[in-house]
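Work through the exercises below with the sequence and the 3D structure at hand. Try each task before reading its solution.

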Amino acid sequence: MNEVRSDAEYVEAELIDGHEGQQANDASSEPQADTEAIDVVEIVESDPDARVLEQHVAEQEWTREFSIDDVSAADVAAEASAASADEQPAEALAAGEAEIGGDAGAAATDDAAVADGEQEAAIATPAAPAAPEEPVQNLPLVKALNAGLRRALADDPKVLILGEDVGPLGGVFRVTEGLQKEFGPQRVVDTPLAEAGIVGTAIGLAMRGYRPVVEIQFNGFVFPGFDQITTQLAKMTNRHSGAVSMPIVIRIPHGGHIGAVEHHQEAPEAYFAHTAGLRIVAPSTPHDAYWMIQEAIKSDDPVIFFEPMSRYWPKGEVDLVENDTPLHASRVVRTGTDVTVVAWAGMVSVALRAAEIAAEEGRSIEVVDLRSLSPVDYGPLVQSVQKTGRLIVAQEAPGSVSVGSEVAATVSERAFYSLESPVLRVAGFDTPFPPAKLEEVYLPDADRILEAVDRALAY
C-alpha cells in the first residue's frame, strides 16, 4: 500500500502543476502491482432461501463476509504466464535461424518479409465494429454507478476520482472496479488514509478547473473530513461572490443492512442537509444511480451523493439512453389513496414492501421517493398528501432533528387543511448504531411502517 500511496501523492502534484502531456503518457501505463495482501469487505449474493430483505427491484439476498484479496500475486502470476507465452515463439525462431545458413537463411528472410507484408495488411484492415450496447440493461446499483462514472470519465477529461483503494482494488464495494486500468492512475487516484486531505485536495483541484469525485469508504469515515466539507467546500463559492465554483461530488455509502460494526452503518444526511451550499441526493434504484451520478458530476456546486448499501446488489432495469427525472426531483413510485409514505435511499424498498403487504389487507399506500434531500422537491409530495390526507416519513437515521423532521414540518405547513391525522415519523432510534446482531431491531422495517399506517388511519 505504501507504493500506491506514494504514487497518489506524485499524481496530485502533477495534476496541480498542470502537466497534461505527462498525464497522457502516464495514463497509458499499467499501475504498479501492490505486493501486500489487502484486507477488504465483500458484499456478495447468497442463497435465495436465506433471510429476505425488502426489495422492489429484484428479490435477491446478500450477506457480508470478510476475505483477504492478494491482488498483486494473481496479477504477477498472470503477467508471468503471458510473458512466457510471448517469449516462446521468439526463442524458437532464434534457434531455428541459428541452424539455417546460406540460401536457407535467404529464403527465411524472404518468408519473413512476406509475413511482415501480411501483418501490415492486417493492421491496415479496419476491425469489425463492436456490438452496440443494449439501451436497457439489468444491473445492480453498484454496476450502474460504475457505468455512470465510466461515462463521465470518458466524456470529460477534467473528471477525476480520488479515494482510498479506488484504484486496482476498485473500492470496498467495487464501484470503481476497472476504472484505473482504463483511464490511468492520474485520473483514478489512490489516496492516503486521510479524509480531510482527500477533500482538501479535491477543493484545490476544483479551483484549477477539475471535477473531482471523492469516495468515502464508509459513511462514518466522512467525519475526519467534515470540517473541510462544511467550513470550506460549502462556503467557497459564496466566499468569492460566485467567482469560484466547486464542482465536487462526495460519494458516501449510506445506511445499514450489511451486518457491519460501528461507523460502517450510519445515516448522517442531516449534518450535510443542514449546511447551506451543499446539494444532497440519494438514489434508490440502479437507473437513478446511473443518471444521478452523471448529473451530480456536471453540477458546478458541491454534491453529497449518498449510496444505499442495502441496495448495492439487487438488480434493476437501467435505461442507458433516456432519463426523464431531473437530479433534484422527487417522484411517486407507487400510487395509492389511503396514506402517503415518503422515503429515500434504502428505505424506499422497505416502504414499497409495506405497501405490498397493506394491499393484501385492502389498504392503499402511495409511496414517494424523495431522491433529493437538499433542495427538496415538495411538489409531488404535497400533491400526494392532498389526495390521501395522511403522511408517514420513513428514514434510517435517528428521528430527532432530522431530514424527516423537516419534511414533516414543511408538509404540515403547506398541506395543513388536507391532513386528516398528524404527520408520523418512522426512524432509527436516538442511540448510536448498535452491534450487528441488533441492527434489525434498530432499523425501521415494513412492520414499523404498517404500525404507523394503522395509527394514521385510526384518527
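The exercises that follow concern a predicted model, and they go from the whole chain to single residues.

**Exercise 1. The chain as a whole**

Task: State how many helices and strands the protein chain has, and what share of its residues is buried.

Solution: 
- Step 1. Count the elements: the protein chain has 16 helices and 16 strands.
- Step 2. Take the burial: of the 459 residues, 49% are buried.
- Step 3. Look at the contacts between residues at least 6 apart in sequence: 80% of them join residues at least 24 apart.

**Exercise 2. The largest pocket**

Task: Find which residues lie nearest the centre of the largest pocket and which element gives the most to its lining.

Solution: 
- Step 1. Begin with the volume of the largest pocket, which is about 700 Å³.
- Step 2. Go to the lining: it holds 34 residues, and those nearest the centre are Ala267, Ala270, Tyr271, Val401 and Ser402.
- Step 3. Assign elements: at least two lining residues come from each of α10 (269-273), β14 (372-374), β15 (391-398) and α14 (403-414). The most come from α14, which supplies four.
- Step 4. Sort the lining by residue type: 19 are nonpolar, ten are polar and five are charged.

**Exercise 3. The buried side of a helix**

Task: Explain why the buried residues of α8 lie on the same side of the helix.

Solution: 
- Step 1. Identify the buried residues in α8 (residues 226-233): they are Ile229, Thr230 and Leu233.
- Step 2. Check their directions: the three cover an arc of only 120° around the axis, so they sit on the same side of α8.
- Step 3. Recall the general rule: an α-helix has 3.6 residues a turn, so residues three or four places apart point the same way.
- Step 4. Find the cover: the elements over the buried residues of α8 include α7 (195-207), α9 (236-239), β7 (249-254), α10 and β9 (303-308).

**Exercise 4. Surroundings of Ile293**

Task: Decide whether Ile293 is buried or exposed, and list what it touches beyond four places in sequence.

Solution: 
- Step 1. Locate Ile293: it belongs to helix α11 (residues 286-298).
- Step 2. Apply the cut-off: buried means under 20% relative accessible area. Ile293 has 0% relative accessibility and therefore counts as buried.
- Step 3. List the contacts: leaving out residues up to four places away in sequence, Ile293 touches Leu145, Gly148, Leu149, Val249, Arg251, Asp288 and Phe305.

**Exercise 5. Backbone exceptions in loops**

Task: Say where Arg174, Ala345 and Pro375 lie, and what marks the backbone at each.

Solution: 
- Step 1. Recall the general rule: most residues other than glycine have a negative phi, and most peptide bonds are trans.
- Step 2. Take Arg174, in the loop between β4 (159-163) and α6 (179-183). Its phi is positive, about 65°, and Arg174 is buried with a relative accessible area of 12%.
- Step 3. Take Ala345, in the loop between β12 (339-343) and α12 (347-360). Its phi is positive too, near 55°, and Ala345 is buried at 0% relative accessibility.
- Step 4. Take Pro375, in the loop between β14 and α13 (379-388). The peptide bond joining Ser374 and Pro375 is cis, with omega about 0°.

Conventions:
Residues numbered from 1 in each chain as written. Predicted model: local features only at pLDDT ≥ 70, side-chain atom pairs only at ≥ 80, totals over all residues. Heavy atoms only, no water. 1 Å grid on protein atoms, 1.4 Å probe; cavity = no way out; pocket = protein on both sides within 12 Å on 5 of 7 lines; lining within 4 Å. Points joined across faces, edges and corners; volume = space filled by probe spheres on them. Nonpolar A, V, L, I, M, F, W, Y, C, P; charged D, E, K, R; others polar. Buried < 20%, exposed > 50% of the residue type's maximum accessible area, 1.4 Å probe, protein only. Arc of directions from axis to C-beta. Contact = heavy atoms within 4.5 Å.
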